[in-house]
Amino acid sequence: MRDDMRLEGKYIVLEEISPKYFKYVIDWRNDPELNKFLNQPFKLTMELEQNWYENKYLKDDTQGLWVILDKATNTPVGTVGWTDFDYANKRLIGGRLLFGDEKFTRHPGFLESHFLHADYLYKFADIEYAHIVAENHKAIHLNEITGFAINTGKIQYPNELFVNGMKQIEFYRTKEMYLEARKKVFERIFKRRM
């Protein structure tokens with residue numbers, strides 16, 4: 001699934017994580033303002049990042065992580081990815097969303113990164129789940145406008161509902177829900193700018 005891990009949009013580029021981006025990821029994940037809703041209860045170091053990359057990430061084809069680059073400047077601004085890809089059931093957990101540059105969240109590339117990510121994932125998956133800390137209102141709002149809904153049925157990933165002392169809500173989005181949201185949001189915003 002991770003064969004072609006470079007995607008290019010109008011405003012951003014998604015490029016697979018590699019050692020040249022570790023410093024950015026480490027800085028973002030250790031920033032108290034940025035990591036308050038992450039499931040990382042420790043200080044990330046270069047050694048830990050390198051170990052994760054070599055011994056877990058590269059050996060596990062059920063996960064992926066992109067670095068989001070501002071296309072105009074080629075500057076890393078965040079990450080997005082997935083875990084737990086279940087090939088048999090065509091489902092996964094989306095996430096790993098982190099923006100190190102707050103001003104970029106008001107840039108059209110912010111939403112574009114979500115849609116490029118989803119366009120890629122829905123080539124392989126029929127349903128995506130997300131787990132968001134109940135107090136993370138910005139992330140909940142973002143997921144809702146991009147087509148996610150709260151899972152009010154059987155919880156698919158119960159171990160994700162309480163992580164590092166934080167209560168999380170399980171969201172889901174089918175391919176059809178995504179395409180409907182994409183039409184409403186993506187096309188309205190990006191056609192107007194073209």
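Predicted model: local features only at pLDDT ≥ 70, side-chain atom pairs only at ≥ 80, totals over all residues.
In helix α1, which spans residues 22-30, the buried residues are Phe22, Val25, Ile26, Trp28 and Arg29. Around the axis of α1 these residues cover an arc of only 165°, which puts them on the same side of the helix. The elements that cover the buried residues of α1 include α2 (46-57), β4 (75-86) and β5. Phe22, one of the buried residues of α1, also belongs to an aromatic cluster that it forms with Trp52, Tyr53 and Tyr57.

Helix α4, formed by residues 137-145, has Ala139, Ile140, Leu142 and Asn143 as its buried residues. When α4 is viewed down its axis, these buried residues fall within an arc of 165°, so they line one face of the helix. The exposed residues His137 and Lys138 are carried on the face of α4 that is turned away from this buried side. Among the elements that cover the buried residues of α4 are strands β5 (91-99), β6 (127-133) and β9 (166-174), together with helix α3 (108-121).

The chain beyond α4 was examined next. Threonine 146 is located in the loop between α4 and β7, and with a relative accessibility of 5%, under the 20% limit, this residue counts as buried. A polar atom of the threonine 146 side chain lies 2.9 Å from the backbone oxygen of leucine 142, and the side chain of threonine 146 also reaches the backbone oxygen of asparagine 143, at 3.2 Å. Both Leu142 and Asn143 are listed with the buried residues of α4. When residues up to four places away in sequence are not counted, threonine 146 touches Leu111, Phe115, Arg173, Tyr178 and Ala181.

Across the whole structure, a search finds 13 aromatic pairs. In one of them, tyrosine 129 and tyrosine 157 have ring centres 5.4 Å apart and ring planes at 70°, which is over the 60 degrees required, so the pair is edge-to-face. Tyrosine 129 lies in strand β6, whereas tyrosine 157 lies in the loop between β7 (149-150) and β8 (162-163), so the pair ties together parts that are 28 residues apart in sequence. Tyrosine 129 counts as buried at 7% relative accessibility, and tyrosine 157 is likewise buried, with a relative accessible area of 11%. Strand β6, in which tyrosine 129 lies, is also among the elements that cover the buried residues of α4.

Key. Residues numbered from 1 in each chain as written. Heavy atoms only, no water. Buried < 20%, exposed > 50% of the residue type's maximum accessible area, 1.4 Å probe, protein only. Helix = DSSP H or I, 4+ residues; strand = E, 2+ residues; numbered from the N terminus. Arc of directions from axis to C-beta. Contact = heavy atoms within 4.5 Å. Phe/Tyr/Trp six-rings, centres within 6.5 Å; stacked < 30°, edge-to-face > 60°. Polar contact = N/O pair within 3.5 Å; in protein donor to acceptor, adjacent residues only side chain to side chain.
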